[in-house]
Amino acid sequence: MTTTRTLLLSALTLASSHAMANWSTTVTAASDYTFNGVSQTQNDPALQASLDYGFDNGVYAGTWASNVDFADDSNLEVDFYVGKYVTLNDSWSADYGIAYYSYHGDSSSDDGNYPEVYTKFGFANSLGQTEFNFWYSWDYFGTGADHTVAMIAHSIEVAPGHTIRASFDVSNSLDGEKYMWDAGDKSYNHYRLAYQTSYEGFNIEVAAENTSLDYNTADERIVLSASRTFSL
């Protein structure tokens with residue numbers, strides 16, 4: 001597999017926001033499934049779902065699944081994660097945990113399975129919500145390579161129920177002999193600008209994104225998604 005996967009920044013972000021909700025599930029339909037700007041579905045739509053449980057102390061656990069297409073027989077991704085969300089003070093929060101990504105559909109699909117740890121910090125003030133997020137894997141896509149993703153993002157509510165979120169992240173292979181990106185590069189950049197709102201219980205997002213990679217699955221694109229969360 002030469003492409004990467006996404007959390008949408010998805011399942012883990014959703015899990016932390018539902019950390020106090022006991023059982024919940026979120027179903028998402030998206031025009032593309034991207035991770036840091038790289039399509040996991042060959043630029044085609046995706047149907048995704050999560051199942052999460054949040055404890056009263058902020059600990060959460062869950063699983064998340066999506067269809068994938070890596071131009072082979074792999075067709076399903078299933079992720080598992082456990083973490084904890086904590087409020088540090090009136091402005092700062094933290095979310096940290098570990099995830100495991102698994103792939104299915106072909107006899108060799110599980111060769112790409114890998115673990116990842118993450119830490120996210122949130123800072124809220126009158127200007128909105130700022131995020132400082134970091135992911136690290138010591139076996140990226142089963143290659144044995146160390147790999148990191150570092151992100152900074154900011155969300156601001158421009159009107160009641162209408163939010164703009166801008167983000168920038170860098171994916172970096174720490175072992176180029178085991179895993180490289182485009183044209184021998186060990187890292188690439190990803191830029192994303194999203195509009196978020198809700199309607200009749202559905203969360204809706206329209207995002208424009210691009211990367212520094214020269215792939216047709218990682219060029220500029222508009223991604224539309226709609227999701228709904230249910231308490232169980």
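Predicted model: local features only at pLDDT ≥ 70, side-chain atom pairs only at ≥ 80, totals over all residues.
**Notebook: salt bridges, strands and a surface patch**

I began with R165, which forms a salt bridge with E131, the closest N and O atoms being 2.9 Å apart; a salt bridge here is a side-chain nitrogen of Lys or Arg within 4 Å of a carboxyl oxygen of Asp or Glu. R165 sits in strand β11 and E131 in strand β9, so the pair ties together parts that are 34 residues apart in sequence. Strands are DSSP runs of E, at least two residues long, numbered from the N terminus. I found both R165 and E131 buried, where buried means under 20% relative accessible area, exposed over 50%, and partly exposed in between (1.4 Å probe, protein chains only).

Residues are numbered from 1 along each chain as its sequence is written, and side-chain values use heavy atoms, with hydrogens and water left out.

Next I asked how many salt bridges a search of the whole structure finds. The search gives six. One of them joins the side chains of R192 and E209 at 3.6 Å, N to O. R192 belongs to strand β12 (residues 187–199) and E209 to strand β13 (residues 202–211), so this pair links parts 17 residues apart in sequence. R192 is buried at 15% relative accessibility, and E209 is buried at 3%.

I then looked up R221, whose side chain meets that of D219 in a salt bridge (2.9 Å, N to O). R221 counts as buried at 11%, whereas D219 is partly exposed at 28%. Salt bridges that share partners join D32, D219 and R221 into one network.

Is D32 buried or exposed? D32 is buried, with a relative accessible area of 4%. Its side chain makes a polar contact of 2.7 Å with that of S39; I count N or O atoms within 3.5 Å, one able to donate a hydrogen and the other to accept it, and residues adjacent in sequence only if both atoms are side-chain atoms.

Back to the strands: β8 (residues 114–125) pairs in the antiparallel sense with β7 (residues 92–104) over 10 bridges, pairing needing at least two DSSP bridges. G97 stands opposite Y118 in β8. A hairpin joins β8 to β9 through two residues.

Technical notes
Helix = DSSP H or I, 4+ residues; strand = E, 2+ residues; numbered from the N terminus.
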